[in-house]
Amino acid sequence: MFQSLQALPADPILGLMASYRADSNPRKIDLGIGIYKDEHGKTPVMTSVKKAENSILESQLTKSYVGPTGAADYNDSVADLLLGRTLIDSLGKRRVTIQSPGGCGGLRLAAELIKSANPGATVWVSDPTWANHRPLLGSAGLGIDQYPYYDYDSHSVRFEEMLACLGNIEAGDVVMLHGCCHNPCGADLSQEQWRQIRDISLKQGFTVFIDLAYQGLGDGLEEDVYGARLLAESLPELIVVTSCSKNFGLYRERTGAMTLIADSDVTTAIATTQIAAAARAMYSMPPDHGAAVVQLILNDGALRSEWDAELTTMRNRINGLRAQLVKQFKAANMDEDFSFIEREKGMFSFLGVNVDQVQSLVNDYSIYLVNSSRINVAGVNDDNIDYLASSLVAVLTA
Ligand code: LMR
């Protein structure tokens with residue numbers, strides 16, 4: 001029966017990771033997949049994570065099942081990181097947080113819930129959005145459409161056009177927003193723009209769904225959840241999916257969560273049974289290790305301070321690299337203005353070069369980036385920045 005299958009193209013992001021690994025060029029640069037790298041180009045296990053792992057190794061008494069909704073103390077801790085204690089208390093049982101296998105698992109759980117509640121729902125994603133949003137949400141059977149978001153010429157948010165589009169979306173549909181550090185463009189909403197989003201959601205009645213995979217890597221742990229908290233306190237319904245892949249460096253441990261806020265305690269209790277059933281049907285229950293690490297770090301004073309300091313170092317390095325890239329590109333006398341890179345947030349920005357130029361960077365210079373020209377800023381370091389700038393000049397002037 002399998003002879004009828006057709007081969008599929010490689011995933012646009014994961015395929016690049018494989019090609020980079022297979023490249024023997026010693027000057028190769030990985031600006032593809034969104035993984036934090038230090039100044040040596042490495043992605044070491046965070047010290048706070050290592051310490052938590054050692055402690056768990058010593059103290060864990062059982063490997064018994066956790067259940068489809070995951071570990072309750074992890075769920076409380078990540079909800080606290082996202083919303084803060086005051087908001088959690090005021091939302092009470094209208095809010096539930098459920099552990100998921102990474103942010104992807106949380107996105108898929110949310111998609112299943114939306115599909116059960118309204119099979120005809122369309123999820124509106126930003127143009128552009130993360131390459132895996134459509135496959136993840138679409139494979140749950142949801143319709144997908146897009147609202148205008150990024151202006152490639154001015155390198156800023158097309159906010160008026162976005163708002164005009166949202167003004168035509170009605171109750172029953174879902175609008176997905178990036179909580180911070182927009183993937184792929186790095187252009188975030190201002191606080192004033194979040195307030196306008198709140199107002200239009202209240203007016204139109206659509207449901208907001210926030211993907212928050214980079215808390216702490218933009219402006220700070222609290223600053224990066226301004227929008228999520230504003231909407232959580234103001235809207236009758238909200239979904240937020242969080243990930244610990246980047247801010248705890250737990251990529252392969254698949255550690256995430258889905259938070260749902262519904263209009264009443266009863267609705268949330270009912271929705272929880274649906275989410276648990278969806279988890280059970282898809283993967284039974286999430287893996288434990290990453291969640292146990294996060295739970296311990298967030299609840300141990302010393303580990304939490306250490307993690308906070310490590311995350312601050314990562315954020316400062318990314319923001320410093322953004323400034324350094326702008327300076328370096330300017331010094332290379334390119335006609336193009338790259339100053340937008342310094343205004344954008346998180347791991348990603350578009351270089352703004354075309355697909356042929358991207359292909360030349362990949363094939364002729366072993367500099368790996370997504371076809372859209374998205375770069376992972378954290379892949380730059382003192383050893384490769386000159387080669388990156390000179391290669392870019394060569395490609396732009398070819
Ligand atoms: C990315 O956008 O590169 C990351 O979120 C990793 C992934 O799974 O695509």
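This is a predicted model: local features need pLDDT of at least 70, side-chain atom pairs count only at pLDDT 80 or more; totals for chains, interfaces and linings use all residues.
On the side of domain 1 that touches domain 2, at least two residues each are supplied by α12 (301–331), α13 (340–343) and β11 (348–350). The largest share of that side comes from α12, which contributes seven residues, and by class the side of domain 1 facing this contact has twelve nonpolar, five polar and six charged residues.

## The two domains

The domain assignment of the protein chain places residues 2–45 together with 305–396 in domain 1, while residues 66–284 make up domain 2. Taken over C-alpha atoms, the centres of domain 1 and domain 2 are separated by 26 Å, and the contact between them draws 23 residues from domain 1 and 28 residues from domain 2.

## Buried area

Between domain 1 and domain 2 an area of about 2,100 Å² is buried, with carbon and sulfur atoms giving 63% of it. Of the area that domain 1 buries against domain 2, W307, K345 and F350 supply 31%, which is more than any other three residues.

## The salt bridge

The rule finds one salt bridge across the interface of domain 1 and domain 2. K345, named above among the residues of domain 1 that supply buried area, forms a salt bridge with D219, and the closest N and O atoms of this pair are 2.9 Å apart.

Notes
Residues are numbered from 1 along each chain as its sequence is written. Side-chain values use heavy atoms; hydrogens and water are left out. Domain bounds come from an automatic or database domain assignment. Contact means heavy atoms within 4.5 Å. Buried area is the accessible area (1.4 Å probe) that two parts lose on being put together, summed over both. A salt bridge is a side-chain nitrogen of Lys or Arg within 4 Å of a carboxyl oxygen of Asp or Glu. Helices (H or I, at least four residues) and strands (E, at least two) are DSSP runs, numbered from the N terminus. Ala, Val, Leu, Ile, Met, Phe, Trp, Tyr, Cys and Pro count as nonpolar, Asp, Glu, Lys and Arg as charged, and the others, Gly among them, as polar.
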